[in-house]
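Welcome! Please have a look at the sequence and the model, and then read on.

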Amino acid sequence: MKLSNLSKKKVLLFFSSFLLTVLLNISCNEDQNSNEDETIDQTQLERTHDKVRVIFYSLPSPIEVSMVLESCGAEYVPSLLNPTNNIDRYNTSFSMAINLGIYGADLSYASINKQAQSTLNYMSASLKLSEELGILEAITDDQLKIISDSINNHDAILHIISETFMKSNSYLEENSRPEIAAAIISGGWLEGLYIGSQLAIMSDRNTDLINHIIGQKYALEDLLGLLSIYNDDKNIKQIIKEIKSIQIIYETLDNTNNKVQFTKLCEKVASIRNKYIE
Amino acid sequence: MTSKIKFLLIFLLFNFAINSTAQCKSFAEVQAEKLLGNYIQSGRYNALKLDEGDEMLMYKTLSPGLNYRFIVIGSSDLPANIEFKVLDWNKNVLFDNKKNNYVNHWDFKSAQNQRVRIWVKVPLVNESKRPLRGCIAIITGFKRSSK
């Protein structure tokens, strides 16, 4: 049976409205309660705030994490970083994205510690991966010029790295590749946790560093909330599984004196991170 | 002909959705530059179009050793008095801008690792007419804290 013209219009209107709603939801990261833990929380929130339309998850940026490590008195240990000559190993969009996040965190760590040559090397590796992922448009020629001109201007570099990270993220979200943005964020967070946890072990159990690592359980929850939006993607599903394996150890780690569990956490983080950089 | 109209409509709607988000992110970018001062921007451009009466929420993890600035700002097509509160995970209100003359930012130094919620509401001022609609941005920045 053919639809009447009026019905066709209705179907078209419905389809278009549906499409618009879907697009708005994706681009705005609206929480659809796909994460079980967040569902409970959202329900609680709805009791008091029934018009909450959108939930954003704001993870600490790589620069922020590096600054916290610095404030804990952590040293610069270059052997912890993912060597830039590993870059040729990354030939899928997913491996490029997660390692762009990892290099972004290494770049931030080098930059906070005022390591000019390493900053340039990691900047160059990050730009190469950005180019291969097709997000170099997010970084303007002006910014590239400022970077090369002001490599010794520490504050300017920090602002540029931060801005570049944010622009790349927005660019991917606006170009319908939010799962790539989510993989970059995951790589950055994982590398920050890896560097911090290794430094905590090396520095003879610096209490501030250990507290920082323990505090990352909150960021982990935010990361899971963010990733759950894209859990139809098989790579994101895999990251979720691995982040959840870290979460299980976090649940047993309630204080800084639990050395066995803390070591287990550090080992788990290292094994996941090392798998991604291979 | 009909299929061309369908395609055009879907194309326009697609572009509208993408453009309105991009437009709000540009708004956030401009405001961040104006309002962050010497704070470094954290996370992402958290911005979107809201109607009056709508609310949005952001989760943010804070670390000791850093100072944070939270900024909530609406575009000029929205009512002026955008409300925001910062709550800790037990829903204790750390800051309520309604009690502070609707200022658009709050600076905070966390003594511990903690997760906070930033709750934002666009007030309802135009109930009888078509609702006002515009961009809202939540911007967070951080800097080293002086010891």
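Not counting residues up to four places away in sequence, A:Ile239 touches A:Phe94, A:Ile98, A:Ala183, A:Ser186, A:Leu227 and A:Tyr276, where contact means heavy atoms within 4.5 Å. This is a predicted model, in which local features need pLDDT of at least 70 and side-chain atom pairs count only at pLDDT 80 or more, while totals for chains, interfaces and linings use all residues. Residues are numbered from 1 along each chain as its sequence is written, chains are lettered from A and ligands numbered from 1 in the order in which they are written, and side-chain values use heavy atoms, with hydrogens and water left out.

A:Glu242 lies in helix α10 (residues 234-251) of chain A; helices (H or I, at least four residues) and strands (E, at least two) are DSSP runs, numbered from the N terminus. Is A:Glu242 buried or exposed? A:Glu242 counts as buried because its relative accessibility is 9%, and buried means under 20% relative accessible area, exposed over 50% and partly exposed in between (1.4 Å probe, protein chains only). Leaving aside neighbours within four places in sequence, A:Glu242 is in contact with A:Ile272, A:Lys275 and A:Tyr276.

## The nonpolar cores

A nonpolar core is a set of buried Ala, Val, Leu, Ile, Met, Phe, Trp, Tyr and Cys residues joined through side-chain atoms within 4.5 Å. Which residues have the most contacts inside the largest core? They are A:Leu199, A:Ile239, B:Met56, B:Phe70, B:Ile118 and B:Val120, in a core of 109 residues. Helix α8 (residues 178-202) of chain A gives this core its largest share, 13 residues. There is also a second, separate core of 14 residues, which includes A:Met166, B:Cys24, B:Ala28 and B:Ile71.

## Salt bridges within and between chains

A salt bridge here is a side-chain nitrogen of Lys or Arg within 4 Å of a carboxyl oxygen of Asp or Glu. How many salt bridges are there over all chains? The count comes to ten. One of them pairs A:Glu70 with B:Arg144, whose closest N and O atoms are 2.7 Å apart. This pair joins two chains, because A:Glu70 lies in helix α3 (residues 62-71) of chain A and B:Arg144 in strand β8 (residues 133-144) of chain B. A:Glu70 is partly exposed, with a relative accessible area of 28%, and B:Arg144 is partly exposed at 34%.

B:Arg115 counts as buried at 2% relative accessibility, whereas A:Glu221 counts as partly exposed at 27%.

## Inside chain A

Helix α3(A) is largely enclosed by the rest of the structure, because eight of its ten residues are buried. Among the buried residues are A:Pro62, A:Val65 and A:Leu69. Just after α3(A), A:Gly73 takes a positive phi of about 85 degrees.

Now look at two helices together: the axes of α4(A) and α5(A) come within 9 Å and cross at roughly 160 degrees. Axes are lines fitted to C-alpha atoms, for helices over the stretch in contact, and angles run from 0 to 180 degrees between N-to-C directions. The crossing angle makes α4(A) roughly antiparallel to α5(A), a label for angles over 145 degrees, while those under 35 count as roughly parallel, 65 to 115 as roughly perpendicular and the rest as oblique. The residues making this contact include A:Met96, A:Tyr103 and A:Leu107 of α4(A), and A:Tyr122, A:Met123 and A:Leu129 of α5(A).

## Chain B at a glance

What does the secondary structure of chain B come to? It has one helix and eight strands, following the pattern α-β-β-β-β-β-β-β-β along the sequence. Buried residues make up 55% of the 147 residues in chain B. Among contacts in chain B between residues at least 6 apart in sequence, 78% join residues at least 24 apart.
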